[in-house]
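Here is a short report for a first look at this structure. It starts with charged pairs, then turns to the sheet, the helix and the core.

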Amino acid sequence: MRLGEVSLLTNDVVKLADFYKALLETNNDSNDEVHQTIIAEETMLTIYNDGSIKNNNNQNMCIAFTVDNIEKEYQKVLSLEAEIIEKPTKRPWGAINMSFYDPDRNVIYLRSFSADN
């Protein structure tokens with residue numbers, strides 16, 4: 001069994017999808033207000049409005065992305081005006097992690113495992 005998809009449920013597909021397109025430096029050529037696929041690799045990332053009202057008080061999940069250059073990504077997140085939870089911080093096991101909220105207040109982690117850390 002493989003994880004096939006992570007879908008972020010939202011009230012505003014376009015706003016959240018635009019944030020992730022900028023963060024992930026990708027373009028899906030879509031402004032669909034109901035469903036957008038952002039990553040279409042082995043594990044997909046989709047943004048979806050299933051018609052129910054969301055409270056944007058997500059406290060039980062997070063998404064972590066592994067990046068090559070944590071400082072470059074940190075600057076990008078700042079330029080997107082995302083609320084930073086934790087600036088890039090070196091962990092005892094050698095990784096550098098940072099965290100922030102996306103526009104719907106989902107917790108997002110960026111982490112780097114490069115040899116330069």
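Which residue forms a salt bridge with lysine 54? The partner is aspartate 50, with the closest N and O atoms 2.7 Å apart. A salt bridge here is a side-chain nitrogen of Lys or Arg within 4 Å of a carboxyl oxygen of Asp or Glu.

This is a predicted model: local features need pLDDT of at least 70, side-chain atom pairs count only at pLDDT 80 or more, and totals for chains, interfaces and linings use all residues. Residues are numbered from 1 along each chain as its sequence is written, and side-chain values use heavy atoms, leaving out hydrogens and water.

**Charged pairs**

By the salt-bridge rule, the count comes to seven.

Glutamate 42 lies in the loop between β2 and β3 and arginine 2 in the segment before β1, so their pair ties together parts 40 residues apart in sequence. Helices (H or I, at least four residues) and strands (E, at least two) are DSSP runs, numbered from the N terminus. Glutamate 42 is exposed, at 58% relative accessible area. Arginine 2 is exposed too, at 67%. Buried means under 20% relative accessible area, exposed over 50%, and partly exposed in between (1.4 Å probe, protein chains only). Lysine 21 is buried at 9%, while aspartate 18 is partly exposed at 37%. Both lie in helix α1, three residues apart.

**Sheet and helix**

An open sheet of three strands runs in the order β1-β3-β2, with mixed pairing. Strands pair if DSSP finds at least two bridges between them. β1 and β3 pair in the parallel sense over five bridges. Leucine 8 has isoleucine 47, in β3, as its bridge partner. α1 packs on the sheet and touches β1, β2 and β3. Contact means heavy atoms within 4.5 Å.

**Core**

The largest nonpolar core has 23 residues. Such a core is a set of buried Ala, Val, Leu, Ile, Met, Phe, Trp, Tyr and Cys residues joined through side-chain atoms within 4.5 Å. Tyr20, Leu45, Ile47, Phe65, Phe100 and Leu110 touch the most other members. α1 gives the most to this core, with six residues. Phenylalanine 65 touches Tyr20, Leu24 and Ile39, among others, not counting residues up to four places away in sequence.

Key:
Axes are lines fitted to C-alpha atoms, for helices over the stretch in contact, and angles run from 0 to 180 degrees between N-to-C directions.
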